[in-house]
Amino acid sequence: MSGEHLTFAEMVEKYPKRWLFIVDHNNHPNPHLISGVVAAHSPTREGISEFSAKYRGNAAIRYTGRLGKLRLF
């Protein structure tokens with residue numbers, strides 16, 4: 001983790017198609033992430049889940065690529 005505070009647009013550019021675990025984050029009043037510090041990144045959601053299970057505190061998880069259709073079943 002670099003400790004560098006980035007906007008979400010900067011995160012998308014720096015970490016394309018990655019799952020991000022973001023701390024020290026700022027949100028708009030709705031769930032849109034404005035900025036934060038990327039504590040970990042992974043090509044898979046599972047990789048971030050493993051990291052987040054060990055973290056204690058307020059954090060956000062976001063994906064910087066396009067998500068496909070969600071399957072409910």
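What share of the contacts in the chain with a separation of 6 or more is between residues 24 or more positions apart? It is 59%, where contact means heavy atoms within 4.5 Å.

Some ground rules. This is a predicted model, in which local features need pLDDT of at least 70, side-chain atom pairs count only at pLDDT 80 or more, and totals for chains, interfaces and linings use all residues. Residues are numbered from 1 along each chain as its sequence is written, and side-chain values use heavy atoms, with hydrogens and water left out. The pLDDT is the predictor's confidence in each residue, from 0 to 100. The chain averages 84, and 85% of the residues score at least 70.

Now the layout. The chain has two helices and four strands, in the order β-α-β-β-α-β from the N terminus. Helices (H or I, at least four residues) and strands (E, at least two) are DSSP runs, numbered from the N terminus. Mean confidence is highest in H1, at 94, and lowest in S2, at 85.

Strand S1, residues 5-7, pairs with S3 in the antiparallel sense over three bridges; two strands pair if DSSP finds at least two bridges between them. Within S3, the residue opposite Thr-7 is Ser-35.

Next, burial. Buried means under 20% relative accessible area, exposed over 50%, and partly exposed in between, with a 1.4 Å probe and protein chains only. Of the 73 residues of the chain, 27% count as buried. In S3, residues 33-42, eight of the ten residues are buried.

That brings me to the cores. A nonpolar core is a set of buried Ala, Val, Leu, Ile, Met, Phe, Trp, Tyr and Cys residues joined through side-chain atoms within 4.5 Å. The largest one has eight residues: Leu-6, Met-11, Tyr-15, Leu-20, Ile-22, Leu-33, Val-38 and Ala-60. Strands S2 (19-27) and S3 each supply at least two residues of this core. A second, separate core has seven residues, among them Trp-19, Phe-21, Ala-40 and Ile-48.

Which residue does the side chain of Thr-64 reach at 2.5 Å? It reaches the backbone oxygen of Tyr-15. This is a polar contact: a pair of N or O atoms within 3.5 Å; within protein, one must be able to donate a hydrogen and the other to accept it, and residues adjacent in sequence count only if both atoms are side-chain atoms. A polar atom of the Thr-64 side chain also lies 2.9 Å from the backbone nitrogen of Lys-17. Thr-64 is in the segment after strand S4 (59-63), and its relative accessibility is 11%, so it counts as buried.

Ser-42, in strand S3, is buried too, because its relative accessibility is 8%. Its side chain reaches the backbone oxygen of Thr-44 at 3.0 Å.

Last, charges. The structure holds one salt bridge, that is, a side-chain nitrogen of Lys or Arg within 4 Å of a carboxyl oxygen of Asp or Glu. The partners are Lys-14 and Glu-4, with the closest N and O atoms 2.9 Å apart. Lys-14 lies in helix H1 (residues 8-14) and Glu-4 in the segment before S1, so the pair ties together parts that are ten residues apart in sequence. Lys-14 counts as partly exposed at 44% relative accessibility, and Glu-4 counts as partly exposed at 37%.
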